[in-house]
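Biologist: Hi! Could you walk me through this model while I have it open?
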Amino acid sequence: RGITIALIYDKLTRMSISGKAKLTDGKIVNTISTDCNRVEMVFYWIDCLWTATLQFVGTIVVLYLLLGWPSLMGAVVLLCLFPLITIVGKFIANISRKQMVHTDA
């Protein structure tokens, strides 16, 4: 996080005066904070992607060994719900973007 902030600050110090005139101090701080959080979240979600997949497969295998074919039906239902989860996630992200416009103003 510290390195990302330093890189953004270095970039800001090399900006032209006309470029800096368009940015307020609050906008700069908000941009630095948001960019740093996004970089952190990329690494978090990459880790979650492979571990969640491994956990899902491992859980289904263990449930299959314990319960048999009904566990596969539960896995199918869960896989069918993933598109719904994606739609809800995009909806929430869209609302968050709209809210961000009003907080940056």
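Biologist: Which polar side chain lies 3.3 Å from the backbone nitrogen of tyrosine 64?
Modeller: That is serine 71: a polar atom of its side chain lies 3.3 Å from the backbone nitrogen of tyrosine 64. Keep in mind that this is a predicted model.

Biologist: Where is serine 71 found?
Modeller: Serine 71 is in helix α4, which covers residues 70-104.

Biologist: And is serine 71 buried or exposed?
Modeller: Serine 71 counts as buried, because its relative accessibility is 6% and the cut-off for buried is under 20%.

Biologist: What is serine 71 in contact with, apart from its sequence neighbours?
Modeller: Leaving out neighbours within four places in sequence, serine 71 is in contact with Ile60, Leu63 and Tyr64. Tyr64 is also the residue whose backbone nitrogen lies 3.3 Å from the serine 71 side chain.

Biologist: Okay, zooming out. How many helices and strands are there?
Modeller: The protein has 4 helices and 0 strands. Read from the N terminus, the elements go α-α-α-α.

Biologist: Is the protein compact or spread out?
Modeller: It is more spread out than a compact globule, because its radius of gyration is 22 Å, well over the 13 Å that the globule rule gives for 105 residues. The C-alpha trace spans about 70 × 30 × 15 Å along its principal axes.

Biologist: What share of the residues count as buried?
Modeller: Of the 105 residues, 10% count as buried. The protein exposes about 8800 Å², with carbon and sulfur atoms supplying 73% of that area.

Biologist: Back to single residues, then. Is isoleucine 8 buried or exposed?
Modeller: Isoleucine 8 lies in helix α1, and it is buried, with a relative accessible area of 17%.

Biologist: Which residues is isoleucine 8 in contact with, beyond its sequence neighbours?
Modeller: With neighbours within four places in sequence set aside, isoleucine 8 is in contact with Ile32, Asp35 and Cys36. The C-alpha atoms of isoleucine 8 and isoleucine 32 are separated by 6.7 Å, and these residues are 24 apart along the chain.

Biologist: What about arginine 14, where does that lie?
Modeller: Arginine 14 lies in the loop between α1 (2-13) and α2 (17-21). Arginine 14 is exposed, with a relative accessible area of 60%. Its C-alpha atom is separated by 29 Å from that of histidine 102, 88 residues away along the chain.

Biologist: Last one, on charges: how far apart are the mean positions of the positive and negative charges?
Modeller: There are 10 positive and 6 negative charges, and their mean positions are 9 Å apart.

Methods. Residues are numbered from 1 along each chain as its sequence is written. This is a predicted model: local features need pLDDT of at least 70, side-chain atom pairs count only at pLDDT 80 or more; totals for chains, interfaces and linings use all residues. Side-chain values use heavy atoms; hydrogens and water are left out. Helices (H or I, at least four residues) and strands (E, at least two) are DSSP runs, numbered from the N terminus. Buried means under 20% relative accessible area, exposed over 50%, partly exposed in between (1.4 Å probe, protein chains only). A polar contact is a pair of N or O atoms within 3.5 Å; within protein, one must be able to donate a hydrogen and the other to accept it, and residues adjacent in sequence count only if both atoms are side-chain atoms. Contact means heavy atoms within 4.5 Å. The radius of gyration is taken over C-alpha atoms; the globule rule is 2.2 Å times the number of residues to the power 0.38. Accessible areas come from the Shrake-Rupley method with a 1.4 Å probe; for residues, only the protein chains shown count as cover. Lys and Arg count as positive and Asp and Glu as negative; His and the chain ends are not counted. The place of a charge is taken as NZ of Lys, CZ of Arg, CG of Asp or CD of Glu.
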